[in-house]
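Dear colleague,

Please find the structure for your review below.

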Amino acid sequence: MKIAVCIKRVPDTETRVKIAADGASLDESGVKFIMSPYDEYAVEEALQRRDKAGGGEVVAVALGPDAAQETLRAALAMGADRGVLLKAERIPADALAVAKALAAELKDGGYDLVLFGKMAVDDYHHAVGPMVAELLGLPCVTAVSKLELEGGKGVAEREIEGGVEVVEFALPAVLTAEKGLNTPRYPALKGIMAAKKKPLEVKPPALGEVRVVAAALALPPERKAGRILGEGPDVVPELVRLLRTEAKVL
Amino acid sequence: MDDSLFFTDQHLQVREMVRDFARTEIAPIARQHDAEARFPWTTVKRMADLGMLGVPWPEELGGAGMDYLSYILTVHELARVDASHSITCSAHTTLGTSPIMDFGTEEQKRRFVPYLAAGKVLGGFGLTEPGAGSDAGGTATMAVDKGDHYVLNGSKIFITHAGVGEIFIVTARTTPGHGNKGITAFIVCKPTVDAEAAAAVGTGHAPDLPWTRGVSAGKKEDKMGWRASDTRELHFEDAVVPREQVLGEVGKGFVQFLKTLDSGRIGVAALCLGLAEGAYDEARKYASQRKQFGRYIAGFQGVSFALADMATEIEAGRLLTYHAAWLKQHGKPHKLEAAQAKLYCSELAMRTTIKAVQVHGGYGYTTDYPVERMMRDAKVGEIGEGTSEIQRLVIAREILGDVVEG
């Protein structure tokens, strides 16, 4: 089974965000970068599918700066067979431009499955996976929390509001991974050793036209301090009144 | 310390993985295992699977095939979260496995190391006796030469993994009398005392090891710290050890364990450094969240200066430890630097954990925060694998030479 898994290098979720001098990007100084956590589920799923099929290849693909090689090495250390970096100084804010570059790379790869995380934790787009599916003309299932594959067909579960949706689809397909799809493995030390020797190709991306740019970034307003009205049943009417008129949550 | 001083990208990957594992898998269970003084079989099995029990040994012998710095990073990162897991890795690797790698015959390496390096069983090192600690000349365990085998009688104390482990390097006297000559190291095997737990997790017992009749684990120590690490007596009662299980040459036991302890000190330094860092991390976090008199306590000089001192001393400890590790990795003499790193970092861990408890105030004295455990875990760093006094003796001898020999 040949599987592509598209991963993204993103700032660690514990990063204390600072905005760069241009007012429209992240100040990367001192920021630690990681593989977007949803992508880890995608990588794990790809590895399990390959191993269950008794062979094949898992190709990790990333679009990003040179440093994204580290992110690809992390996927190789987990067990992916080779990596492809579509090297771009900056990842465009235009999801379609990114999707076009990935689709161009994946188009002739003969993949049975293309996996993504359901979203990148830095931009929350949820967009690149479905866009790639559209560009490749493949069926797409997003936010997959359970997956079964058999004989060129797949059944996936998606957690939807108040329930679970079960969908069937034909392979090849593009899937995006939800948290809980599996438990991503830690890269074993042997895996880290082996990753060094695995092929990692770096090439320019065939980016689409960039029609969306990040104009400005702003930090959310600081949370105001809470207020304690008092204790006991006597203050309940006042609390209800304030929740209605001030906080406007009732 | 800038990472590029000692580390490659691969070292950083190792650090990242161990750090992630320790925070995610070990941190939530550390307190419980400490309270119950229970060996953490489940996480140890996962450490074995990830290669953490054979970091510096060749892949063909079941190890991860990495270098010494990767091993020291592993010990260091584990200790930031839990010293017991860290000493399990360190004692198993440096004390339980490295003597066979350093002094064993090819046959002994092939026979025993694959079990240890892959973490299929745990290893240990039996040197200390009731009457012989740093003065190994007092070794009273006797080994009588019977031609094709030796018969061992005696007892060891404070042996890490004596209960849970299966392969041990032990010292015994092959020439009667007192003194450092005439001590020989042997490889002995006994089944784990935790057979059920080992079977449940699928590691810790290898039925095909050559069991040494007459070797058994004794009383389990009820310790102040390192409580999830297994420390017991190890007894020899007419234990029959085949001649093939003499480690290296007869009479070389003393020289062998001096060398083993030289390197072991770097591991203990890394463990203590990790403990100090872990306690500092906790103190800094707490001081930045706890408000008194209308401001974060980190804003008070009394607290911020304490944190400044901790950070500075930890930086010094890092440089001492990784420099010593670098020397060993490059085959350079490191006796002095290893003793200095161990001395400094063990005392650093004690100072830092005490201060971290103080920063936490009353909360620090409770088990709701990990700093009280870290403070208990720190003390043995000044004692195990050579007390601070012995480190000063080693350092003094190195810098003064014959003058101190008298």
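In this predicted model, Glu372(B) and Arg376(B) are both buried (under 20% relative accessible area, where exposed is over 50% and partly exposed lies in between, with a 1.4 Å probe and protein chains only). Their side chains form a salt bridge with the closest N and O atoms 3.0 Å apart (a salt bridge being a side-chain nitrogen of Lys or Arg within 4 Å of a carboxyl oxygen of Asp or Glu). The two residues lie 4 residues apart in helix H10 (residues 371-379) of chain B, about one turn of the helix; helices (H or I, at least four residues) and strands (E, at least two) are DSSP runs, numbered from the N terminus.

A salt bridge also joins Asp49(B) and Lys45(B), at 3.2 Å from N to O. These residues are 4 apart in helix H2 (residues 41-50) of chain B, and so are separated by about one helical turn. Lys45(B) is partly exposed, at 21% relative accessible area.

Arg80(B) and Asp281(B) meet in a salt bridge of 2.7 Å, N to O. This pair links distant parts of the chain, 201 residues apart: Arg80(B) is in helix H3 (residues 68-81) and Asp281(B) in helix H7 (residues 253-287), both of chain B. Arg80(B) counts as buried at 14% relative accessibility, whereas Asp281(B), at 22%, counts as partly exposed. Both belong to a network of salt bridges that also links Arg19(B), Glu77(B), Glu277(B), Glu315(B) and Arg318(B).

Over all chains, the structure holds 47 salt bridges.

Residues are numbered from 1 along each chain as its sequence is written, and chains are lettered from A and ligands numbered from 1 in the order in which they are written. Local features need pLDDT of at least 70 and side-chain atom pairs count only at pLDDT 80 or more, while totals for chains, interfaces and linings use all residues; side-chain values use heavy atoms, with hydrogens and water left out.

With kind regards
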